[in-house]
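Thanks for coming. Please have the sequence and the structure open while I talk, and stop me if you lose the place.

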Amino acid sequence: MHHHTPTAAHAARPRRIVDLTHTLDEDFPLWPGDPLFRMRRIREAPEFLVHELCFGEHTGTHVDAPLHCVPGGDAVDRIRVDDLLAPLVLVDIADRTASDPDALATPADLAAWESLHGRIPDGALVALITRPARGRPDGKVNPEAPAQPHDDAEVHALTRSLTPDAAGIAHWPGFSREAAEFLVQRRAVVAIGTDAPSIDCGASTAFPAHHAVLGAGRYAVEMLAALRALPPAGATAVVAPLKHRGGSGGPARVLALLD
Ligand SMILES: [Zn+2]
């Protein structure tokens, strides 16, 4: 081979890699009722450090497998590896969420993305950016918020989102039923995702996006980090959930590759 000819190995190396994964620890915000994340040092192994981990499947940046809400659907260990590498489409609705924390991404938002960037690619992961860069859903700094163990505005925002209002309702934006159905029926996405706690909005009780997407055998990725570090089109996502047999989902390491 001529030494100037790029090899497959050279071509495969992305120019930049962005970690879209929150760091898990015992202070990371949880869905109400989910088990605590716990990490305990195993003292019986003096020569090598080992921790025992306990956590719910839907903790931190994580995947929802079809089985999460579809009886008989694919478990997390059955998601095809071909579907875990996906063109990443980012739909930014943060300009609406300041005035409407229950905002929903609509087919019009998807059409607007396509008018700028072309048709949503087959096999894409379509993820929502729901928060302005400042971190809080309304874009304001909350002086009453307790000091966060993470110096991380995104984790702060997740904590705020997961804290219900006086009526017991939590607020964050999500996909509308129509947008989720469009993506699986009229486009061939492998997954939808969000930087919020869930692909359905916080006030949802019917979870139409979950039913549309998981019901179509696709998966979801929730609590994504650092989406603002990426362009709206052109990145490739690598989604690597824990592979435990029969799981309804699992914490995932999610990376974005940029050429
Ligand atoms: Zn989940």
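I will start with one histidine. H58 has a relative accessibility of 14%, and because buried means under 20%, H58 counts as buried. Keep in mind that this is a predicted model.

What are the protein donors of the zinc ion? They are H58 through ND1, H62 through NE2, D64 through OD and E222 through OE. These donors lie 1.9 to 2.5 Å from the zinc ion. D64 is buried as well, since its relative accessible area is 0%.

Why is the arrangement around the zinc ion called irregular? The angles subtended by the four donor atoms run from 76 to 167°.

Next, the strands. Strand β4 covers residues 62–64, and two zinc donors, H62 and D64, carry numbers in that range. β4 pairs with β12 in the antiparallel sense, over three bridges. One of the residues to look for is V63, whose bridge partner in β12 is G250.

β12 has other partners too. Strand β1, residues 16–19, runs antiparallel to β12 and is joined to it by four bridges. There, R16 stands opposite L258. β11 also pairs with β12 in the antiparallel sense, this time over six bridges. In that pair, P241 stands opposite A252.

Is β12 mostly covered or mostly open? Mostly covered: of its 10 residues, seven are buried.

The largest one has 27 residues, and L20, L88, Y219 and V239 have the most contacts inside it. Two or more residues each come from β5 (85–92), β7 (125–129), β10 (219–222), β11 (235–241) and β12 (249–258). β12 gives the most, with four residues.

Take L88 as an example. Leaving aside neighbours within four places in sequence, L88 is in contact with a list of residues that includes L20, L125, A127, L230 and A256. The list also has a run from P232 and A233 through G234, A235, T236 and A237.

Finally, there is another core, lying apart from the largest one. This other core has 24 residues, among them F175, F182, I199 and A209.

That is the end of my part.

Terms used
Residues numbered from 1 in each chain as written. Predicted model: local features only at pLDDT ≥ 70, side-chain atom pairs only at ≥ 80, totals over all residues. Heavy atoms only, no water. Core = buried A, V, L, I, M, F, W, Y, C linked by side-chain atoms within 4.5 Å. Buried < 20%, exposed > 50% of the residue type's maximum accessible area, 1.4 Å probe, protein only. Contact = heavy atoms within 4.5 Å. Donors = N, O, S within 2.8 Å, 3.2 Å for Na, K, Ca; no water. Tetrahedral: all angles 85-135°; square planar, octahedral: opposite > 155°, others 65-115°. Pairing = 2+ DSSP bridges.
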